[in-house]
Amino acid sequence: MQNTKVVIITGGGRGIGAATAKLFAQQGYAVCINYKSNEKAASLLADEIQDAGGQCITVQADVSQEVDVLRLFATVDNELGTVSVLVNNAGILFQQMRLEEMTAERINTVLSNNVTSYFLCSREAVKRMSTHRGGNGGVIVNVSSGAARSGSPNEYIDYAASKGAIDTLTKGLAMEVASEGIRVNCVRPGLIYTQMHADGGEPERIERLKSVIPLQRGGEPQEVAEAIFWLASDKSTFSTANYIDVTGGL
Ligand code: NAP
């Protein structure tokens, strides 16, 4: 049996995923940093982890595409060993707008990147983790969003609805595999300082909204990573189908 635990972090090259990759590496996990297009960010992060004595690889894969997901998991099987933790983190959003302006292409792109991707990666993880299939069990942590509850009106209800789907995936899959040694949990970040808000067309979005956050500030990626790590660790062995909101009280 392999000694080192293996974690796959989708969208691990920057933002919340990068903070999560660093934390798992510090805790002795062999880390797979998946990225879609920003190879530079992923390889700089890998260098940083390796310079600190950690074990990691980077794998380019668009996790909305089944063929890429199959290649991602096969690469990890070959280079690191069987996955013990999957962090479904990759996500996108587009320019803020109302529903009347949204194209079908935009809606489908958001859903395939934010929802289909989590289903496909979870499927491949369960195939390897399930004790009913000869696996050693494992943990899946889904990164959803406080938007699943707010609905993000006038900004991006497509994105918010995609995160609502992740909350439901968490519940259903957790029940489906609870007797197979697999726990499935979810972290719902609030307003976190990453590049994502610029992608929505408002880099200063957190500055505009922070006065409504009870803690009166945005969150740091590391603060989300801590919740993800706890849910993946042996400190949370009685938690499944559970949700941690990391929203500063919002
Ligand atoms: P970010 O800085 O924009 O990073 C997004 C990451 O996802 C990037 O590494 C990107 O890869 C990757 N990615 C996107 N689509 C992908 C795909 N199809 N295949 C593989 N990788 C893909 O965003 P973030 O803020 O860290 O967000 C991480 C997660 O937290 C997302 O699920 C997001 O919805 C959620 N979240 C964020 C906030 C917030 O305020 N920031 C709040 C609530 C929830 P490249 O680097 O290659 O482009």
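**Entry 1: the ligand**

I started at N38, where a polar backbone atom sits 2.7 Å from an oxygen atom of the ligand. I call that a polar contact, meaning a pair of N or O atoms within 3.5 Å; within protein, one must be able to donate a hydrogen and the other to accept it, and residues adjacent in sequence count only if both atoms are side-chain atoms. For the record, this is a predicted model: local features need pLDDT of at least 70, side-chain atom pairs count only at pLDDT 80 or more, and totals for chains, interfaces and linings use all residues. Residues are numbered from 1 along each chain as its sequence is written, and side-chain values use heavy atoms, with hydrogens and water left out.

Next I looked up K36: one of its backbone N or O atoms is 2.9 Å from a ligand oxygen atom. T194 uses its side chain instead, with a polar atom 2.5 Å from an oxygen atom of the ligand. On its own the ligand has 900 Å² of accessible area, and the protein covers 97% of that (Shrake-Rupley method, 1.4 Å probe; for residues, only the protein chains shown count as cover).

**Entry 2: the shell**

Helices (H or I, at least four residues) and strands (E, at least two) are DSSP runs, numbered from the N terminus.

**Entry 3: helix α6**

I followed α6 along its 21 residues and got 30 Å from first C-alpha to last, close to the 30 Å expected (1.5 Å times one less than the number of residues). Its buried residues include Y159, K163, I166 and L173; buried means under 20% relative accessible area, exposed over 50%, partly exposed in between (1.4 Å probe, protein chains only). Among the elements they pack against are α4, β6 (182-189) and α7, contact being heavy atoms within 4.5 Å.

S152 belongs to the loop between α5 and α6. Is S152 buried or exposed? S152 is buried, at 5% relative accessible area.
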